[in-house]
Amino acid sequence: MSVDIEDWFQVGAFETVIDREDWDGFDCRVERNADAVIALFDRTGVKATFFTLGWVAERYPALMRRIAEAGHELASHGYGHERVFTLTPKTFADNIDRAKKLLEDAGGVAVTGYRAPSFSIDKRTPWAHEILAEKGYAYSSSVAPVQSDHYGWPEAGRFAFRPVAGADMIELPVTTAMFLGKRLAAGGGGWFRMFPYAFSRWAFGQVNGRDARPGIFYFHPWEIDPDQPRVADAPLKSKLRHYTNLSAMEPKLKRMLREFYWGRVDTVAAIEKARLP
């Protein structure tokens, strides 16, 4: 179980209409929403991984401590939600170094996991995994092994793999399911909100049952906040992607938490690492 800690105005769907220089002027709701997620996990007995922006850690250091003190894993989501394929190897390395220091200083724990914003490690960025391995990360969960208009690396494996020869680090792709020989995105987020709950239950049942592998699920704190501000000038597709079924998200999420067994991503990484040659 994983949560990508970013605010409603930082998402990829709005990156063409919201300038990052204006972020500090918006209604920041990430702290209250993340606290609501922590409380939900506490009620359901779930431990999870919080992939967090360095930008958030810089402004809400106490939230980082609360995440760690609640027994969750604090991991990196980069600094300011820059997609990896928009960076150079040098700026990527600087970005993850900056985020890691902010997270570790605020949370008081070691950060060994990373998730690229918008699952933006793909075939265009073979150097990204190499840099993560050089920096000592134990795992990345940055690949969506499907093709969509927003992200995707359909040639990648569906389950854990070693992206760098000779390195200990592994990649844990977000969950997909198979139907009639085609891969379907099934790992959470907008897919979870827009599709009937039965689809996600079927998909994770397939992965846990037929495939006998763990699933990687993700969502964002803003997805349980139906009262968040609306971006009036966003493209229609972006509005549909971001706002559809926000009010239904928390009840569906509670059901998902009850019906499956969940753990931190670093725990899953250790299990999967032992399985790989």
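Me: Hi! Among contacts between residues at least 6 apart in sequence, what share join residues at least 24 apart?
Reply: Hello! That share is 74% in this protein. Do keep in mind that the model is predicted.

Me: Thanks. And how many helices and strands does the protein have?
Reply: There are ten helices and nine strands.

Me: What is the radius of gyration, and what would a compact globule have?
Reply: The protein comes out at 17 Å. For 277 residues a compact globule would be near 19 Å, so the two agree.

Me: What does the C-alpha trace span along its principal axes?
Reply: About 50 × 40 × 35 Å.

Me: OK, surface next. What is the accessible area, and what part belongs to carbon and sulfur?
Reply: The accessible surface is about 11,600 Å², and carbon and sulfur atoms account for 54% of that. As for the inside, buried residues make up 56% of the 277.

Me: And charges? How many positive and negative side chains are there?
Reply: The protein carries 36 positive and 36 negative side chains. The centres of those two sets are 6 Å apart.

Me: Let's switch to helix 9. Where is it in the chain, and how far does it reach?
Reply: Helix 9 covers residues 246-259, which is 14 residues. From first C-alpha to last it reaches 21 Å, close to the 20 Å expected at 1.5 Å a residue.

Me: Which of the residues in helix 9 are buried?
Reply: Leu246, Met249, Lys252, Leu253, Met256 and Leu257. On spacing, an α-helix has 3.6 residues a turn, so residues three or four places apart point the same way.

Me: Nice. What covers those buried residues of helix 9?
Reply: The cover includes helix 1 (30-44), helix 6 (189-194), helix 7 (197-208), strand 9 (218-219) and helix 8 (236-243).

Me: Since helix 1 came up, where is isoleucine 38 found, and is it buried or exposed?
Reply: Isoleucine 38 is in helix 1. Its relative accessibility is 12%, under the 20% cut-off, so isoleucine 38 counts as buried.

Me: What is isoleucine 38 in contact with, leaving aside neighbours within four places in sequence?
Reply: With those neighbours left out, the contacts of isoleucine 38 are Phe50, Leu63, Arg66, Ile67, Ala70 and His72. Alanine 70 is 32 residues away along the chain, yet the C-alpha atoms of isoleucine 38 and alanine 70 are separated by 7.6 Å.

Me: Different spot now. Where does arginine 264 sit?
Reply: Arginine 264 is in the loop between helix 9 and helix 10 (265-275). With a relative accessible area of 23%, arginine 264 is partly exposed.

Me: Which residues is arginine 264 in contact with, again skipping neighbours within four places in sequence?
Reply: Lys47, Ala48, Thr49, Gly71, His72 and Glu73. His72 is also among the contacts of isoleucine 38.

Me: And how far apart are arginine 264 and glutamate 223?
Reply: They are 41 residues apart in sequence and 20 Å apart in space, C-alpha to C-alpha.

Me: Last topic, backbone angles. What is phi of leucine 180?
Reply: Phi of leucine 180 is near 55°, a positive value in a residue other than glycine. Leucine 180 lies in the loop between strand 7 (176-179) and strand 8 (182-185), and it is exposed, with a relative accessible area of 75%.

Me: What about phi of alanine 212?
Reply: Alanine 212 also has a positive phi, near 55°. Its loop runs between helix 7 and strand 9. Alanine 212 is partly exposed, at 47% relative accessible area.

Key. Residues are numbered from 1 along each chain as its sequence is written. This is a predicted model: local features need pLDDT of at least 70, side-chain atom pairs count only at pLDDT 80 or more; totals for chains, interfaces and linings use all residues. Side-chain values use heavy atoms; hydrogens and water are left out. Helices (H or I, at least four residues) and strands (E, at least two) are DSSP runs, numbered from the N terminus. The radius of gyration is taken over C-alpha atoms; the globule rule is 2.2 Å times the number of residues to the power 0.38. Buried means under 20% relative accessible area, exposed over 50%, partly exposed in between (1.4 Å probe, protein chains only). Contact means heavy atoms within 4.5 Å. Accessible areas come from the Shrake-Rupley method with a 1.4 Å probe; for residues, only the protein chains shown count as cover. Lys and Arg count as positive and Asp and Glu as negative; His and the chain ends are not counted. The place of a charge is taken as NZ of Lys, CZ of Arg, CG of Asp or CD of Glu. The expected span of a helix is 1.5 Å times one less than its number of residues.
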